[in-house]
Amino acid sequence: MAAIIPIPLPQNSYNVVIAAGELSALGTWMTGEVMVGQMGKRALLVSNPTVFAHYGETALASLRAAGFEVAHHLIPDGEQYKTLDAIAAIYNAALAHRLERSSVMVALGGGVVGDMTGFAAATWLRGISFVQVPTSLLAMVDASIGGKTGVNHPQGKNLIGAFHQPRLVLIDPDVLATLPEREFRAGMAEVIKYGVIWDLGLFERLEQSAACDRYDRTSPDLLHHILVQSCQAKADVVSRDEKEGGLRAILNYGHTLGHAIESLMNYEGIVHGEGVALGMVAAGHLAHRLGLWSEADNQRQQGLIDKAQLPRQIPPQLSIEAMVDLLASDKKVKDGKVRFVLPTAIGSVTITDQVPRDLIGSVVADLQVPGGS
């Protein structure tokens, strides 16, 4: 049975559909009542070679069966290719396929594919429709919802982008069967994030689960619960603050330091969810050192990160000074001060720019020492 989660916004509301086995019905969902508004029948499907090999033909066949005139374009697989050059290649494909203002781009892939397709759609002909079909756990629970699109700059992650809401998000959990174990664990970092910032019940459900580190060790009931509750949490936050004027900033929990680590490693040797996990560990220590939350809650968070087999040690080769300096160029900086999302209890966080530089450096140093966390 499909779960349908509405994303109510002042403009451009849409639905998130969670339905096992429904990738083959993509075209039907895009032409059915769940799709808000109308669109033309010319479409460009954007994916990467790995995902397309598994699911590309299924998606294309479904779109064609629903009457879409569809072409496809593949972008390289990896965060390091999330660049303006790759966006230009999508524009070339859009031009070759004669996409019009009524046309639609379809993102079939993980967060990189979704972010780039969304940004291309936001800027092609000053904005056309796009649909998210996420194929990674991280994209399902986070990147595909909320309308954040963009690419990286050499000096920072997602510094170039736009808010552009999808017309529909279709989540088929069955596609996670082909997701590498490492990527499944990376997605669990975002799920844990929702538990810490918003949903105590979700956090406790993960604590009580037998396992949550692999698709084949996660029960279908637990996976459905994870998807529904995570998407609902994101929907609740985004519907109250679409463009990050205040509340939505809590979704950046773990991302401030995580993005800095990813950038310093040139997006190699680490995946996004691992960076988020490290950022959450650091935020937990900062919050405890500042007296914002208890050591008991800090240990609970670390226990769940361990359960998901996510890292807790910052790579020792990274310069602490460079890491702290890079935080100053983060897009969440305001009035020259780095803003951190810090936990106050499981299910609740606060946003503060009152985190001393020397404390950040001290916590990072502790987390670079084996066993220091």
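Helices and strands here are DSSP runs, numbered from the N terminus: a helix is a run of H or I with at least four residues, and a strand is a run of E with at least two. The model is a predicted one. Under that definition the chain holds 13 helices and 11 strands.

Start with the overall dimensions. The C-alpha trace spans about 60 × 40 × 35 Å along its principal axes. A compact globule of 373 residues would have a radius of gyration near 21 Å, and the chain, with 20 Å, agrees with that expectation.

Next comes the sheet. Strands of a sheet pair through backbone hydrogen bonds, in either a parallel or an antiparallel sense. In this chain seven strands form an open sheet with mixed pairing, in the order β1-β2-β9-β6-β5-β3-β4. Its edges are β1 (3-7) and β4 (69-74), each of which pairs on one side only. From one strand to the next, the twist averages 20°.

One pairing can be followed in detail. Strand β3, residues 42-47, runs parallel to strand β5, residues 104-109, and the two are joined over four bridges. Opposite Ala107 in β5 stands Val46. Helix α4 (residues 111-123) packs on the sheet, where it touches β3, β5 and β6 (129-134). The direction of α4 makes about 170° with that of β5.

Another helix covers other strands of the sheet. Helix α8, residues 220-240, lies across β1, β2 (14-18) and β9 (168-171). What angle does α8 make with β1? Helix α8 runs at about 15° to β1.

The last topic is the empty space. Rolling a probe the size of a water molecule over the atoms shows where such space is left. The count comes to five cavities of 30 Å³ or more. The second largest cavity has a volume of about 70 Å³.

Which elements supply at least two residues each to the lining of this second largest cavity? They are α9 (255-264), α10 (272-289) and β10 (340-345). Helix α10 gives the most, with four residues. The lining includes Gly279, Ala282, Ala283 and Leu286, and among its other members are Asn252, Tyr253, Gly254, His255, Thr256 and Leu257. Phe340 and Val341 also line the second largest cavity. By class, its lining has seven nonpolar residues, five polar residues and no charged residues.

Definitions and conventions:
Residues are numbered from 1 along each chain as its sequence is written. This is a predicted model: local features need pLDDT of at least 70, side-chain atom pairs count only at pLDDT 80 or more; totals for chains, interfaces and linings use all residues. Side-chain values use heavy atoms; hydrogens and water are left out. On a 1 Å grid over the protein atoms alone, a cavity is a set of points where a 1.4 Å probe fits but cannot get out, and a pocket is an open set with protein on both sides within 12 Å along at least five of seven lines; lining residues have an atom within 4 Å of a point. Grid points are joined across faces, edges and corners, and a volume is the space filled by probe spheres set on the points. Ala, Val, Leu, Ile, Met, Phe, Trp, Tyr, Cys and Pro count as nonpolar, Asp, Glu, Lys and Arg as charged, and the others, Gly among them, as polar. Two strands pair if DSSP finds at least two bridges between them. Axes are lines fitted to C-alpha atoms, for helices over the stretch in contact, and angles run from 0 to 180 degrees between N-to-C directions. Contact means heavy atoms within 4.5 Å. The radius of gyration is taken over C-alpha atoms; the globule rule is 2.2 Å times the number of residues to the power 0.38.
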